[in-house]
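Please examine the structure shown below together with its sequence.

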Amino acid sequence: MASPISKLEELLCAARDAGASDVHLTVGSSPRMRVEGELITMDAPGILPSDTLDILLSVMNEAQRDLFEESGEYDFSISFPGGGRCRASAYKQKGSVAFSLRLLNREIPSLEGLGVPNAVEELCRLRRGLVLVTGLSGSGKSSTLAAMVDYINSHRNAHIVTLEDPIEYIHPHKMALVSQREIGVDSRDYVHALRAALREDPDVIMVGELCGCEAVNAAVAAAETGCLVLASLNTADIVSAIGHIIYENVPDRQPQVCVRLADVLEAVVCQRLCLDEVGGQKAVFEVLRMNQEARSLIREGQYLLLAQQVTVEGDLQEAP
């Protein structure tokens with residue numbers, strides 16, 4: 001009889017062959033995969049409570065299972081010899097275990113392959129400051145950040161520290177030295193990892209997600225030390241990203257945050273998925289590159305006016 005791991009790997013291989021981005025395992029339904037934005041039922045039996053429980057026991061260690069039981073959800077990564085690597089989100093629903101699995105490319109994506117505009121490649125050559133990559137969940141921010149890290153890794157003799165939850169792409173050491181730390185495994189949380197990163201002699205710090213006031217301020221503080229900080233935010237547009245940084249703080253600290261952010265912010269890149277010419281999906285980018293006028297607007301709390309300085313790369317016909 002095939003093991004739970006073998007069954008899961010078989011599903012993931014079938015999903016990869018179909019060009020899927022995600023696989024969902026929920027009790028009471030056959031497995032489903034997302035292809036070109038559409039959720040499609042896979043040719044596999046319906047899932048029983050024992051199926052997902054067996055998978056959980058097979059892919060999580062004891063410490064991870066304890067965290068899952070405590071919170072009701074847990075994010076981690078899985079690697080398979082034949083099924084590649086995926087980002088997994090395990091969660092409880094109606095008393096049973098469910099999984100959402102994001103399939104990751106075996107190869108680290110390139111900026112050119114993702115269709116990222118030249119302006120983003122220029123950001124990879126910065127030596128200091130804060131660069132935000134923003135967009136809604138599922139818009140491809142992790143792939144863009146991985147491509148940026150790979151570009152720096154290939155072109156600069158530097159120490160890159162990545163902070164991820166979980167680690168998605170494995171970066172080999174190229175011209176740079178890459179230290180990858182997984183939140184919950186290698187460090188307690190983003191705040192502690194960011195503070196510790198400053199003692200690890202970094203040239204570049206990549207933050208998988210900025211969430212919460214302390215993490216936001218720690219990222220700004222890291223950029224103030226002279227590092228290049230690349231960070232992801234789940235916001236719909238560029239102006240919302242800047243507002244998120246400011247309003248994560250209590251009102252009496254916001255003027256100070258505006259001044260600090262104006263000094264270190266170098267650019268904001270927003271991406272979203274849109275329809276291409278044949279009905280598929282492509283990434284479209286908006287880029288705000290900071291200049292003196294933009295810094296003055298942020299310093300004075302007038303960041304809403306920055307929308308006038310955003311440049312758009314591509315056709316903004318929204319995907320369904």
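This is a predicted model: local features need pLDDT of at least 70, side-chain atom pairs count only at pLDDT 80 or more; totals for chains, interfaces and linings use all residues.

With strand β2 (residues 32-35) it pairs in the antiparallel sense over three bridges, and Val23 has Met33 of β2 as its bridge partner. The hairpin of β1 and β2 has six residues between the strands, and there Gly28 takes a positive phi near 95°. Strand β1 also runs antiparallel to strand β6 (residues 96-104), to which four bridges join it. Leu25 stands opposite Phe99 in β6.

Attention now turns to the side chains. The structure holds 11 salt bridges, and one of them joins Arg87 and Glu168 at 2.4 Å, N to O. Arg87 belongs to strand β5 (residues 84-93) and Glu168 to the loop between β8 and β9, so this pair ties together parts that are 81 residues apart in sequence. Glu168 counts as buried because its relative accessibility is 8%, whereas Arg87, at 24%, counts as partly exposed.

Another salt bridge brings together Arg260 and Glu224 (2.9 Å, N to O). Because Arg260 lies in helix α10 and Glu224 in helix α8, the pair ties together parts that are 36 residues apart in sequence. Arg260 is buried at 18% relative accessibility, while Glu224 is partly exposed at 41%.

Finally, consider the surface. Glu73, Asp75, Asp165 and Glu209 gather there in a patch of negative charge. Of these, Glu73 is found in strand β4 (residues 73-80), and its relative accessibility of 45% means that Glu73 counts as partly exposed.

Terms used
Residues are numbered from 1 along each chain as its sequence is written. Side-chain values use heavy atoms; hydrogens and water are left out. Patches are made of residues with over 30% relative accessible area and no salt bridge: like charges are joined within 9 Å, nonpolar side chains (Val, Leu, Ile, Met, Phe, Trp, Tyr) within 5 Å. Accessible areas come from the Shrake-Rupley method with a 1.4 Å probe; for residues, only the protein chains shown count as cover. A salt bridge is a side-chain nitrogen of Lys or Arg within 4 Å of a carboxyl oxygen of Asp or Glu. Lys and Arg count as positive and Asp and Glu as negative; His and the chain ends are not counted. The place of a charge is taken as NZ of Lys, CZ of Arg, CG of Asp or CD of Glu. Helices (H or I, at least four residues) and strands (E, at least two) are DSSP runs, numbered from the N terminus. Buried means under 20% relative accessible area, exposed over 50%, partly exposed in between (1.4 Å probe, protein chains only). Two strands pair if DSSP finds at least two bridges between them.
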